[in-house]
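Here is a short report on helix packing and salt bridges. Look at the model first, then read on.

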Amino acid sequence: MSTFFNTSIAISGLYVSSFTFTIAICGLFMPALFSRFERKTTFLSILGIFAVSNLVIVFSGNLYVSSFFRILSAVFYPAFISIALTVCEEIAPEGEKQDYITKILLGISVGSIVGLPITTGLGTIFGYQIAMFWIFAINFLTLVLILVFFPRIPGKSKSFELPISDLKSKEFVLASLGIIMMPIGASIVYNYMPYFLQTVSHIYTYKLSILLFIYGIVSIFGTWIGGKLIVYRDKATLMIFQVVCAAVFVLFYMFADYLIPVLILFMIFGILDGMGYNLIQYIEASVLPDDPEIANGVFLSILNGGIAIGIAIGGFLVNDFGVMSIFVGGLIFLILAFFMLFYCIYVLKISLKYS
């Protein structure tokens, strides 16, 4: 049973890693490529690609064809999310820009939390074709709503151009390296948390599913509160986040054999996990203030790249050192994040949007 579970984890991790890695790479240039086009046309075009890809997967019995169209969706995903974040910030009233950005990030969280269990349930009961048809239906409905209700908003008049000088700056490089440590550390722990909860805390079947769903709900709250705290105290939020999250990992390690403390810590971790979306996006928007599409694309690259790297590192740790090692691995990366961000904020004194 243990061998089967470990194999399932490895296969699942490989699949998720390939999808997130594609988003990480394409996030570096796809948003900039689409930034010059009219916004409504861009959204409709990308949603059309999503819908067609999912429809092909529904009717294709070929694994390679299905994988190709799944990855194709990941190629265009960064452009869609990045431009959505940019448009929200452009149309937001003065003083409410972070609230509008938070709403987009909340939408991503809600989509993952509500969509994943529904899709998994449909796939389990009726087969993956029905699950993919459900995704197609949601994409098509979104396409129709944008077609009917979304106004036409012009893109940038200038042609595609990467801000090479900004991307090569010490502030950008060090801030990005520091902030990517956060999703790596969180991913090491989160992606192998179900294995920990089963093997150490002995939480199985539907109880585990319910617990993960509650985790998702509290992470939505974390995304909301993260947006509020950034506006109120951005520097303190960025630094204290690393300390609190690191402390949670230490306490996980110390109280792993006690169910109630583990459950409480798991919910706290859910809040912190949700906050991370806002913190990563905020850092990139601060170091690339004149190129919001690129900043939001880099945000998606760092988020998904960090997740993919964290999955790989976590798999190595679990396989060679046991499941408890995920907390040590996560702690190390959060310590690195703390010191690198401290250097960027208090020594290099990078400009933050709300400071």
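## Salt bridges and a helix pair

Glu89 has a relative accessibility of 17% and so counts as buried (buried is under 20% relative accessible area, exposed over 50%, partly exposed in between, with a 1.4 Å probe and protein chains only). Lys353 sits in the segment after α14 (325–347) and Glu89 in helix α4, 264 residues apart.

This is a predicted model: local features need pLDDT of at least 70, side-chain atom pairs count only at pLDDT 80 or more, and totals for chains, interfaces and linings use all residues. Residues are numbered from 1 along each chain as its sequence is written, and side-chain values use heavy atoms, leaving out hydrogens and water.

The whole structure holds five salt bridges (a side-chain nitrogen of Lys or Arg within 4 Å of a carboxyl oxygen of Asp or Glu). Among them are these:

| Pair | N to O distance |
|---|---|
| Glu38 and Arg152 | 2.9 Å |
| Glu293 and Arg39 | 2.8 Å |
| Lys353 and Glu89 | 3.0 Å |

Glu38 is buried at 18%, whereas Arg152 is exposed at 59%. Glu293 and Arg39 are both buried. Shared partners join Arg39, Glu90 and Glu293 into one salt-bridge network.

Now the helices. The axes of α3 (residues 39–59) and α4 (residues 63–91) come within 9 Å and cross at roughly 155°. That makes α3 roughly antiparallel to α4 (angles over 145 degrees count as roughly antiparallel). Their contact residues divide into 17 nonpolar, five polar and three charged (charged means Asp, Glu, Lys and Arg; nonpolar means Ala, Val, Leu, Ile, Met, Phe, Trp, Tyr, Cys and Pro; the others are polar).

Key: Axes fitted to C-alpha atoms, helices over the stretch in contact; angles between N-to-C directions. Helix = DSSP H or I, 4+ residues; strand = E, 2+ residues; numbered from the N terminus. Parallel < 35°, antiparallel > 145°, perpendicular 65-115°, else oblique.
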